[in-house]
Amino acid sequence: MSFVPIRTKTLIPDININFNIYINICGKFLLYTRNGDSIESERLKKLKTKKMKQLFISAKDEKSYQNFLDFCLENVAISDFNSQEKAEFASQVSQDAMNDFTQDPENQENYKFLEKSAKNILQVIGKGEKVLNSYIEDVQASDISEHIKLSLATASHVSCLCEELKLDEDSSNNIIMAALLMDIGMFKMPRKFHPFFLTSKENIPKEDLSEYKKHPEYSAEMLSGKEYVNKQIITLVKNHEERKTGNGFPTGTKNVSLENQIISLCETFVKSIRIEKKNQSEAIEYLKIHQLGNFDLSLVKALPMALKKQGIS
Ligand SMILES: [Fe+2]
């Protein structure tokens with residue numbers, strides 16, 4: 001029998017599971033939970049305490065696990081989980097969804113899974129209280145790529161800002177999806193360009209800048225022509241580097257929608273913390289002073305309000 005790993009933190013206790021779950025001890029796969037049983041809360045906590053990050057299922061049960069995960073995604077926000085457990089669930093699922101999608105972006109199932117994960121980010125983090133920090137910490141502690149960490153950090157901030165601005169759910173979900181997908185065009189570019197997505201634009205060599213500036217178009221191209229991809233998401237992805245001052249790219253238009261500004265504001269904020277190592281108030285000051293005119297002032301003011309609701313100030 002061949003086994004595939006699943007993330008322990010994606011399991012919700014006390015729900016009947018219709019597949020076997022195995023634990024790997026010293027290379028041997030031992031039955032942990034039998035098909036038809038549920039995992040009691042205390043057993044699950046013990047696994048997490050022991051830092052047992054992975055469990056295993058039989059490869060033939062992948063579809064059943066996906067169905068189980070879909071059920072959890074719909075119910076975790078209203079479950080008995082505390083805010084940290086909810087944050088960890090959202091983090092683990094979104095990591096899996098981004099990993100799967102970046103490995104095979106042409107696969108419709110991967111796109112659908114990412115969509116569900118984006119909705120979960122809004123439900124758990126945007127609509128939750130004091131969840132953002134736990135989410136970011138869990139993402140940070142994982143072994144996924146820095147690119148995915150940056151996308152997830154941006155998307156989670158986007159969800160909080162959308163909620164602060166009281167945007168409707170469909171718009172918020174589209175904006176979060178666009179934040180997750182905005183830089184996937186990177187995978188159409190030679191590997192030497194990949195580090196440029198983790199640095200300030202000033203650090204990109206001049207000779208590579210014009211090619212780098214095509215990445216929003218590459219990202220949009222990867223999503224185009226697929227009937228299951230919402231057209232608004234493609235537009236948001238295509239315009240995610242444009243700025244109201246006209247200093248953005250690829251077109252340099254000054255006509256930048258509020259939805260697009262939400263993405264770029266959050267990305268700029270997250271990058272200045274993660275890459276330029278600013279603290280939060282320095283990052284907000286940076287937005288107010290050095291990014292003046294690039295974003296609506298109402299958005300720059302709304303971001304710290306959103307973070308305050310998450311217990312971050
Ligand atoms: Fe970008």
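1. The core comes first. The largest nonpolar core has 67 residues, and within it Val158, Ile176, Ala178 and Ala179 touch the most other members. Helix H4, residues 108-126, is the top contributor to this core with eight residues. Both domain 1 (1-62) and domain 2 (81-309) supply at least three residues to this core. In general, nonpolar side chains tend to be buried together in soluble globular proteins.

2. The model is predicted. Setting aside neighbours within four places in sequence, valine 158 is in contact with Ile175, Ile176, Ala179, Ile262, Ile263 and Cys266. Ile176 and Ala179 are themselves among the residues that touch the most other core members.

3. Next, helix H5. This helix covers residues 132-140. Its buried residues are Leu132, Ser134, Tyr135, Ile136, Asp138 and Val139. The buried residues of H5 pack against helix H3 (83-103), H4 and helix H6 (146-164).

4. Overall layout. The chain has 13 helices and four strands. It is divided into domain 1 (1-62) and domain 2 (81-309). The centres of domain 1 and domain 2, taken over C-alpha atoms, are separated by 32 Å.

5. Overall dimensions. The radius of gyration is 20 Å, which agrees with the value near 20 Å for a compact globule of 313 residues. Along the principal axes, the C-alpha atoms fill a box of roughly 60 × 40 × 35 Å. Of the 313 residues, 38% count as buried. Among contacts with a separation of 6 or more, 68% come from residues 24 or more positions apart.

6. The S2-S3 hairpin. Strand S2 (residues 21-25) pairs with strand S3 (residues 28-33) in the antiparallel sense, over five bridges. Isoleucine 25 has lysine 28 in S3 as its bridge partner. Two residues lie between the strands of this hairpin. Cysteine 26, in the turn, has a positive phi of about 50 degrees.

7. The S1-S4 pair. Strand S1 (residues 3-7) and S4 are also antiparallel, over five bridges. Phenylalanine 3 stands opposite serine 58 in S4. Side chains alternate along S4, residues 54-58. Leu55 and Ile57 point to one face and are buried.

8. Arginine 34. This residue lies in the loop between S3 and helix H1 (41-49). Arginine 34 counts as exposed because it has 10 C-beta neighbours inside 10 Å. Lysine 231 is 197 residues from arginine 34 in sequence, and their C-alpha atoms are 43 Å apart in space.

9. A cis peptide to check. Phenylalanine 249 and proline 250 are joined by a cis peptide bond, with omega about 10 degrees. Proline 250 is in the loop between helix H10 (231-238) and helix H11 (258-274).

10. Positive phi in loops. Aspartate 14 is not a glycine, yet its phi is positive, near 60 degrees. Aspartate 14 sits in the loop between S1 and S2. With 11 other C-beta atoms within 10 Å, aspartate 14 is exposed. Lysine 277 likewise has a positive phi of about 60 degrees without being a glycine. Lysine 277 is in the loop between H11 and helix H12 (280-289). Its 9 C-beta neighbours inside 10 Å make lysine 277 exposed.

Definitions and conventions
Residues numbered from 1 in each chain as written. Predicted model: local features only at pLDDT ≥ 70, side-chain atom pairs only at ≥ 80, totals over all residues. Core = buried A, V, L, I, M, F, W, Y, C linked by C-beta atoms within 7 Å. Buried ≥ 20, exposed ≤ 12 C-beta atoms within 10 Å, placed from the backbone. Domains from an automatic or database assignment. Contact = placed C-beta atoms within 7 Å. Rg over C-alpha atoms; globule rule 2.2 N^0.38 Å. Pairing = 2+ DSSP bridges.
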